[in-house]
Amino acid sequence: DSRVGPVVLSKTDLNPGEVASAVASFRILDEDLPGPLNDSVQVNGVDFQSNPAVASAAATVNLIGPWGLNLTVTANQPCATAGDVVTYIYTIENVGDFAISELNLTDSIGGGPIAINATLLPKESIALTANRAVTKTDLPGPLTNSVAVSGFNSMGEMVGSSAEVVLQPC
């Protein structure tokens with residue numbers, strides 16, 4: 001396979017009418033965008049008379065992307081002490097080609113999921129805020145907030161993104 005290298009077949013010897021198969025997968029990377037994605041395979045063998053046997057195939061797939069959501073999370077202050085109220089700003093952007101709805105946001109500090117009653121069209125974004133009081137039990141270590149957002153694009157595919165913000169103690 002041109003993308004993954006050698007692939008192990010289900011059989012290495014074939015009688016007339018028999019079939020060998022294989023499955024290989026690879027992750028689509030940002031550098032693959034905007035596509036199209038090209039892949040090819042070549043199978044080499046030897047027939048019963050020791051003659052080389054070669055078969056090949058190619059495929060081209062149009063990519064839909066970027067996939068959908070980009071999430072950024074910031075805090076209104078660089079550090080925190082007990083008693084502070086930290087405001088987190090969540091910016092959710094539709095970087096895909098399809099509308100995205102049924103948005104849910106979860107963060108490790110506030111829990112969730114929190115349903116977001118909005119549909120984001122391509123290139124639209126929404127900013128949300130949440131206030132969190134810092135307690136003595138949150139310290140002395142850094143205060144880490146891991147955030148995830150997910151939704152469904154108009155093709156019915158689930159899309160999502162995640163981000164993390166870390167506040168050091170003041």
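Predicted model: local features only at pLDDT ≥ 70, side-chain atom pairs only at ≥ 80, totals over all residues.
Let's start with T87, which stands opposite N131 in β8. Strand β5, residues 85-94, pairs with β8 in the antiparallel sense, and nine bridges join the two.

## The sheet around β5

Stepping back, β5 belongs to an open sheet of three strands, ordered β3-β5-β8 with antiparallel pairing. Both β3 (69-75) and β8 (125-133) stand at the edges; each has a single partner strand, so one side of each is left without a neighbour in the sheet. On average, neighbouring strands of this sheet are turned by 20 degrees against each other, direction ignored. As a reminder, strands of a sheet pair through backbone hydrogen bonds, either parallel or antiparallel.

## A nonpolar patch on the surface

Which residues form a nonpolar patch on the surface? They are V4, V7, F26 and I28, and together they have about 260 Å² of accessible area.

V4 lies in the segment before β1 (37-46).

## The protein as a whole

If you are looking for helices, there are zero; the protein has 10 strands. From the N terminus on, the elements run β-β-β-β-β-β-β-β-β-β.

How does the overall shape look? The C-alpha trace spans about 85 × 35 × 25 Å along its principal axes. The radius of gyration is 25 Å, whereas a compact globule of 170 residues would have one near 15 Å. Of the 170 residues, 22% count as buried.

Note on methods:
Residues numbered from 1 in each chain as written. Heavy atoms only, no water. Pairing = 2+ DSSP bridges. Helix = DSSP H or I, 4+ residues; strand = E, 2+ residues; numbered from the N terminus. Axes fitted to C-alpha atoms, helices over the stretch in contact; angles between N-to-C directions. Patch = residues over 30% accessible without salt bridge, like charges linked within 9 Å, V, L, I, M, F, W, Y side chains within 5 Å. Areas by Shrake-Rupley, 256 points an atom, 1.4 Å probe, with all protein chains shown as cover. Salt bridge = Lys/Arg side-chain N within 4 Å of Asp/Glu carboxyl O. Rg over C-alpha atoms; globule rule 2.2 N^0.38 Å. Buried < 20%, exposed > 50% of the residue type's maximum accessible area, 1.4 Å probe, protein only.
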